Amino acid sequence: MLSIDLFPLLLGLSAAMFTVGAVGVLVRRNPLVVLMSIELMLNAVNLAFVDYGRYLNSEDGQIFTLVVIVVAAAEAVVGLALVSQVYRSGRELDIDDLSEMRE
Amino acid sequence: MTGVDILAYVVAGVALVSAAGVVLSAKTIYSALCLVGNMVSLAVLFLLLNAQFVAAVQIIIYAGAVMVLFVFIIALLDPGHDPDYEGPRRDPRLWVGIVAVGYITAQVFALAVNGTTYSKADHVLQGQRLAQAANPGDQHSFAFDPGSVNAAGNVQVLGRELFTTFLLPFEITSLLLIVAAVGAVYLTRRLPHAPMEPPGATSPVAALPEETAPEPGRETVGVG
């Protein structure tokens with residue numbers, strides 16, 4: 001069993017992973033890498049849920065983690081479908097070029 | 001510091017390095033590989049946190065199904081070149097966003113560390129108080145006795161909660177899965193008048209022989 005001193009460490013790891021994922025979403029222009037960065041952010045949130053759930057002796061965090069995993073899978077499926085359709089419509093895979101819906 | 005703690009430090013380091021690798025890798029497939037490493041190390045952390053079922057689901061669904069989908073799409077599309085490595089973005093709003101993200105994360109981190117400095121006995125007592133206040137006499141409430149959880153088994157406790165207290169979120173999740181599946185099938189249908197040849201690329205997709213000519217209305221029939 002993990003000692004109680006390590007829970008802030010894991011919370012810090014969660015925050016750091018979330019930051020890395022958010023920066024990836026902001027700076028990368030490859031939509032596949034952007035989707036993977038979103039998965040990274042969701043993973044960081046999962047870690048925080050399980051960490052707090054263990055810390056508070058509650059199973060609710062684990063249940064919400066399961067829900068988040070399902071949502072992440074659905075998001076990945078729809079996002080990858082969009083990416084493949086953008087590619088098949090003959091455009092470059094560049095997030096900055098996909099701005100038709102802006103105005 | 002026990003051996004488990006040392007293992008947790010090592011795995012946390014692996015998770016952080018692989019998370020950085022997802023963002024910093026020049027090739028998309030390396031990003032996917034780093035993401036798999038990140039998910040596996042997180043599964044180890046879940047095991048250390050007494051969340052065995054979540055660890056198994058993390059391996060099977062995340063590192064298995066979702067990453068296979070990612071690798072499949074990467075192999076299918078094969079972007080050839082990455083726009084990130086032909087020049088940096090020059091939008092100044094980007095840096096404002098990065099600074100804002102870093103600031104908010106530092107705040108969350110400070111809050112998390114300051115909010116978890118009370119002792120273990122305190123939080124066990126607080127959980128028991130909350131449980132008794134919320135539902136006296138009900139053992140399905142907020143706090144679980146770790147001994148009873150270990151006796152019953154993680155999967156049994158999670159399953160009982162999932163089908164009693166959290167039945168509505170569970171059903172909504174299944175609805176979301178159906179919507180995502182139908183949406184993915186609808187999104188990946190063939191466009192009627194789109195050029196199939198991507199610019200300057202000879203991908204396996206473009207090399208495949210064209211299927212039957214798209215008939216009017218055929219793409220909407222194929223959804224249901």
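Modeller: Let us begin with A:Ser37, which counts as buried because it has 24 C-beta neighbours inside 10 Å. In general, a residue is called buried if 20 or more other C-beta atoms lie within 10 Å of its own, exposed if 12 or fewer, and partly exposed in between, with C-beta atoms placed from the backbone. Please note that this is a predicted model, in which local features need pLDDT of at least 70, side-chain atom pairs count only at pLDDT 80 or more, and totals for chains, interfaces and linings use all residues. Residues are numbered from 1 along each chain as its sequence is written, while chains are lettered from A and ligands numbered from 1 in the order in which they are written.

Colleague: In which element is A:Ser37 found, and which residues does A:Ser37 touch?

Modeller: Elements are DSSP runs numbered from the N terminus: helices (H or I) have at least four residues and strands (E) at least two. A:Ser37 belongs to helix H2 of chain A. Two residues are in contact if their C-beta atoms, placed from the backbone, lie within 7 Å. Leaving aside residues up to four places away in sequence, A:Ser37 touches A:Gly21, A:Gly24, A:Val25 and A:Arg28, together with B:Val22 and B:Val23 of the partner chain.

Colleague: How many residues of chain A are in contact with chain B?

Modeller: On the side of chain A there are 69, in contact with 82 residues of chain B. Helices H1 (7-27), H2 (31-55) and H3 (60-88) of chain A each supply at least two residues of that side, and H3(A) gives the most, with 22 residues. By residue class, the side of chain A that touches chain B has 45 nonpolar, 15 polar and nine charged residues. Here Ala, Val, Leu, Ile, Met, Phe, Trp, Tyr, Cys and Pro count as nonpolar, Asp, Glu, Lys and Arg as charged, and the others, Gly among them, as polar.

Colleague: How many helices and strands are there in chain B?

Modeller: Chain B has ten helices and zero strands. Of its 224 residues, 21% are buried.

Colleague: What is the mean pLDDT of chain B?

Modeller: The term pLDDT denotes the predictor's confidence in each residue, from 0 to 100. For chain B the mean is 74, and 59% of its residues reach 70 or more. Over residues 206-224 of chain B the pLDDT is below 50. The model scores ipTM 0.92 and pTM 0.75.
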